[in-house]
Amino acid sequence: MQVTLKILRYNPEKDNRPHWESYRLEVEPMDRVLDLLHKVKWETDGTLAFRKSCGHGICGSDAMLINGRNRLACKTLVQDLGTDTITVEPIRGLPVEKDLIVDMRPFFSAYRAVKPWLINDEPPPERERLQSPEERMRFDEGTKCILCAACTTSCPVFWVNGTYIGPAAVVQAHRFIFDSRDQGAAERFATLGSTGGVWRCRTAYNCTEACPREIPVTQLIGEVKRAMMFGEM
């Protein structure tokens with residue numbers, strides 16, 4: 001089958017603004033959008049720039065806007081898009097460096113701000129810090145996050161508010177706030193309660209719909225809010 005792949009291109013060395021370029025490709029229904037991008041780069045235009053690594057939906061590096069929705073290019077099949085015209089754009093809300101590559105530094109700055117590591121100053125036990133299966137399941141959803149930024153860059157608050165910490169950072173905070181072994185909730189609450197913190201969320205559900213790992217992002221944000229307000233942990 002043939003498809004038209006439309007890519008929003010931008011080269012800061014010669015372009016004043018982004019522009020669309022179209023490519024007519026012969027593809028298979030089971031091809032991934034990542035395969036189409038490779039086809040363009042390897043056979044038509046080697047200057048096309050995009051990120052990818054594992055190619056199996058684990059690294060999260062190839063998140064992009066595909067037919068108007070944030071998706072992973074490596075997990076999106078041509079046949080699932082249901083059209084012979086495929087548009088690809090960089091994820092929104094982050095500065096575009098070239099073509100489909102965005103500057104991820106603001107995203108990872110927010111990630112680091114919530115201290116995404118176990119905080120426990122008690123002397124370590126002889127073996128590991130134990131917890132029950134039920135305690136482990138309490139924060140299971142947050143462990144599925146691959147830091148692709150699909151949720152954060154689908155959020156309208158993030159698009160217009162440069163200080164908003166974003167859904168992904170809140171999910172990472174949730175993962176440790178609800179860990180029975182962790183003692184750093186108060187430190188994270190201080191960050192999450194700041195001007196650009198979790199209270200900027202307007203419950204648009206874009207983040208949940210965009211997550212390629214099917215994490216209930218909006219639900220986890222709500223749980224963090226309740227923990228901050230009522231200590232429901």
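Modeller: Start with the largest pocket, which has a volume of about 260 Å³. On a 1 Å grid over the protein atoms alone, a pocket is an open set of points with protein on both sides within 12 Å along at least five of seven lines, and a lining residue has an atom within 4 Å of a point. Points are joined across faces, edges and corners, and the volume is the space filled by probe spheres set on them.

Biologist: Which residues are the closest to the centre of the largest pocket?

Modeller: Of the 14 residues in its lining, R69, R71, K75, T76 and P212 are the closest to the centre. Two or more lining residues come from each of β4 (69-72), α2 and α8. The largest share, 4 residues, is that of β4. These names are DSSP runs numbered from the N terminus: helices are H or I with at least four residues, strands are E with at least two.

Biologist: What should I know about the model itself?

Modeller: The model is predicted, so local features need pLDDT of at least 70 and side-chain atom pairs pLDDT 80 or more, while totals for chains, interfaces and linings use all residues. Residues are numbered from 1 along each chain as its sequence is written, and side-chain values use heavy atoms, without hydrogens and water.

Biologist: How many cavities of 30 Å³ or more are found in the whole structure?

Modeller: The search finds 2; a cavity is a set of points where a 1.4 Å probe fits but cannot get out. The largest cavity holds about 110 Å³ of space. Its lining has 14 residues, and C145, C148, C151, C211 and I215 lie nearest the centre.

Biologist: How many aromatic pairs are there?

Modeller: Rings of Phe, Tyr and Trp (its six-membered ring) pair if their centres lie within 6.5 Å; planes under 30 degrees apart are stacked, over 60 edge-to-face, the rest tilted. That rule gives 2 aromatic pairs. F107 and F108 are edge-to-face because their ring centres are 5.1 Å apart and their planes stand at 80 degrees. F108 also pairs edge-to-face with Y111, at 6.1 Å centre to centre and 80 degrees between the planes. F108 and Y111 both belong to helix α3 (residues 105-113), where they are 3 residues apart, about one turn of the helix. Together, F107, F108 and Y111 make one aromatic cluster.

Biologist: Is F107 buried or exposed?

Modeller: F107 has 5% relative accessibility, so F107 is buried. Buried means under 20% relative accessible area, exposed over 50%, partly exposed in between (1.4 Å probe, protein chains only). F108, at 28%, is partly exposed, and Y111, at 21%, is partly exposed too.

Biologist: Which residues of helix α1 (residues 33-43) are buried?

Modeller: They are V33, L34, L36, L37, H38 and V40. Covering is read from contacts, meaning heavy atoms within 4.5 Å. The cover over the buried residues of α1 includes β1 (2-9), β2 (19-26), β3 (63-66), α2 (78-81) and β5 (85-89).

Biologist: What covers the buried residues of α9?

Modeller: The cover includes α6 (167-177), α7 (185-192) and α8 (206-210). The buried residues of α9 include V217, L220, I221 and V224. After α9 comes G231, with a positive phi near 70 degrees.
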